[in-house]
Amino acid sequence: MQSMKKFLLAKPLRFYSSYTYQATNEPILSYEKGTKERDSLIEKLKNYNSGIHEVPIVVGDKEYTTDIVKYQVKPHDHKSRLAKFYYADKALLNKAIDVSQCALRGWDLTPFEEKANIFAKAVDLIRGKYRFDLVASTMLGQGKTIVQAEIDAACELADFFSFNVKWANEARQWQPISAGKAVNRLEWRAMEGFWASISPFNFTAIGGHLAGAPAFMGNVVLWKPSDTAILSNYIVFKLLREAGLPPGVINFVPSDGPVFGDVITRSPFLAGVNFTGSSRTFEAIWRNVGDNISTYKSFPRLIGECGGKNYHLIHRSAVQSQECLEHIVNSTIRSAFEYSGQKCSACSRCYVPKSLWPRFRDGLVDVVSGLRLGSPLDVGNFLSAVIDGNSYKKIRNYIDQAKKDGNLKIVCGGGYDESIGYYIQPTIIETTDPKNLLMYEEIFGPVLTVYAYEDDEYDDILKLIDSTSQYALTGAVFIADQEILLKSQRALRYSAGNFYINDKSTGSIVAQQPFGGSRKSGTNDKAGSPQYIMRFVNPQSIKSQSELSTRVDYDYMKDPLEF
Ligand SMILES: NC(=O)c1ccc[n+]([C@@H]2O[C@H](COP(=O)([O-])OP(=O)(O)OC[C@H]3O[C@@H](n4cnc5c(N)ncnc54)[C@H](O)[C@@H]3O)[C@@H](O)[C@H]2O)c1
Ligand SMILES: N[C@@H](CCC=O)C(=O)O
């Protein structure tokens, strides 16, 4: 034993084997007449449009129903029910936490390659077998037109999962430097406890990603979908299970928001909250976490992607021809009114120089008057109903206020009707007060407010845009002059997490425009980028020594200091 100079080097628990995966953005299908995708979609629409589809609660590998029965209705025809579902009560939510903890260790220790294969398989299922289920259920349940459902439920969802596999594979290759005889490595672990993934109604892809991203990185999840996106979200959950995700890794637990929030924030095992929704709900969750902070086993990580009051700013240099004007008009209308303004990125305040306003206004009115509002099943419709009765009332109140306010003038639209669906006309309002509440509150509907500024007050407008609203999600500037652009970019640096130059403020694509904002728009963790998935890793740094220590003191410290 005396002569042994080394320990046998312990082998790392996991070798970082080579794994290859190509990620690409999923092309958007056209659904033109005569295409296969059109026929497949029609078949699925017929299926989901008839009957009421049952959605259970799923905890581990067991399906549950409770006596708290709910229905998801079609926003364009709210008397028609799409899905029947159940709320998990407190006892079932606590059971889901227990079940998730039983699944945690085995899933965490599952090799990266197996996890990656499961998510790669899910990508195939989204792009192929379940594509039209996802698109049809998103159209009927969340009121999206074909194009809007396709870019969300098929393309963005596939892109999120696909790029996460690529980025995690690349990131795990980074290993620390080893010096001397010691070997250093970094081991990825899941976080101890469970993640609560709380999703909004407006993007099927966001729901799937909020639950899928932490699960892919080895964590276990309680997924609380939005009541108004239940069916599409359940299809995502089921396809993940079909792809091989073990039971208990994601538990699908529709429930009342505050009840869910209360149960998860009281559990000592809360590892993190992955939330997308309104700023107010995120604040409530954060407050509950703060109240319980001393009870947790670990400090929970809080991710919140929240609301926006997104702007388009037009500088007079941008309009050098009629085509330029049309580009700005079209971009503004697409941003403000696609999906009835229910994208967190939708333009809802616009700043235009007075010298351009009459032409710009006429252009907007001309295009908007040609937009059709109606059922998402009619391909000629550009926008459809808003999501539910609460949202309808909230938006209607803003329009009614505008009709009474002397500083505001309805330029077009302003009508609404909920007799069949929750329909609100695309509405443009002109304000003479740039600080009117329509310029700072999130409306989340098809309402755009425009302020025409004096051409020579451009610098003041930059300050105004930056300070008018508490949000900082997206913003777009239309500018041709390079110096003005540079000045504007600097002045608006913190006004938007996603900043667009000569393009609309919506339509970010995974791996192209990582998404998220700061201030009251959220924690800006940038979904659709490599840095997002690292939020779900709990790394362990491991140093492995192979040389025996022969003394306690330092042999290079034997000579006394000379004063
Ligand atoms: N920044 C982004 O990336 C992004 C993306 C999509 C949507 N959004 C925002 O989402 C909002 C629209 O979505 P929404 O209407 O579904 O939002 P919401 O805040 O009403 O609901 C979001 C989720 O939180 C749940 N919830 C409600 N109260 C809760 C509580 N006390 N505890 C825990 N969970 C609770 C809801 O049931 C739902 O599942 C808008 O403000 C929009 O800007 C932001
Ligand atoms: N990422 C989407 C918005 C998501 C929020 O609703 C966009 O960029 O338009």
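Student: How far is an oxygen atom of ligand 1 from an N or O atom in the side chain of K224?
Tutor: That separation is 3.0 Å. A polar contact here is a pair of N or O atoms within 3.5 Å; within protein, one must be able to donate a hydrogen and the other to accept it, and residues adjacent in sequence count only if both atoms are side-chain atoms. Bear in mind that this is a predicted model, where local features need pLDDT of at least 70, side-chain atom pairs count only at pLDDT 80 or more, and totals for chains, interfaces and linings use all residues. Side-chain values use heavy atoms, without hydrogens and water, residues are numbered from 1 along each chain as its sequence is written, and chains are lettered from A and ligands numbered from 1 in the order in which they are written.

Student: OK, and which backbone atoms sit by an oxygen atom of ligand 1?
Tutor: F201 has a backbone N or O atom 3.3 Å from an oxygen atom of ligand 1. For G277, a polar backbone atom is 3.4 Å from an oxygen atom of the ligand.

Student: Which residues come nearest to ligand 1?
Tutor: S199, S278, T281, C306 and E442, out of 26 residues around it. To be near, a residue needs one of its heavy atoms within 4 Å of the molecule or strand.

Student: What about ligand 2, which residues are around that one?
Tutor: N202, F203, I206, K343, C344, S345, T506, G507, S508 and F515.

Student: And which of them put polar atoms by its oxygen atoms?
Tutor: The side chain of S345 has an N or O atom 2.6 Å from an oxygen atom of ligand 2. A polar backbone atom of C344 is 2.9 Å from an oxygen atom of the ligand, and a backbone N or O atom of S508 also lies 2.9 Å from an oxygen atom of ligand 2.

Student: Switching to helices. At what angle do α5 and α6 pack?
Tutor: About 20 degrees, with the axes of α5 (residues 146-171) and α6 (residues 204-216) 9 Å apart. Axes are lines fitted to C-alpha atoms, for helices over the stretch in contact, and angles run from 0 to 180 degrees between N-to-C directions. Helices (H or I, at least four residues) and strands (E, at least two) are DSSP runs, numbered from the N terminus.

Student: Are those two roughly parallel or oblique?
Tutor: Roughly parallel. Angles under 35 degrees count as that, over 145 as roughly antiparallel, 65 to 115 as roughly perpendicular and the rest as oblique.

Student: Which residues make the contact?
Tutor: From α5 there are D152, A153, E156, L157, F160, F161, N164, V165 and A168, and from α6 T204, A205, I206, G208, H209, G212, A213 and F216. Contact means heavy atoms within 4.5 Å. By class, the α5 and α6 contact has ten nonpolar, five polar and two charged residues. Ala, Val, Leu, Ile, Met, Phe, Trp, Tyr, Cys and Pro count as nonpolar, Asp, Glu, Lys and Arg as charged, and the others, Gly among them, as polar.

Student: How do α6 and α7 cross?
Tutor: At roughly 45 degrees, with the axes of α6 and α7 (residues 230-242) coming within 9 Å. That makes α6 and α7 oblique to each other. T204, G207 and G208 of α6 meet S232, N233 and V236 of α7. The α6 and α7 contact has one nonpolar residue, five polar and no charged.

Student: And α4 with α5, at what angle do they cross?
Tutor: Roughly 135 degrees, and the axes of α4 (residues 131-142) and α5 come within 9 Å. α4 and α5 are therefore oblique to each other.

Student: Last one: where is V411?
Tutor: V411 is in strand β14 (residues 408-412). Leaving aside neighbours within four places in sequence, V411 is in contact with W357, R361, V365, I428, I429 and E430.
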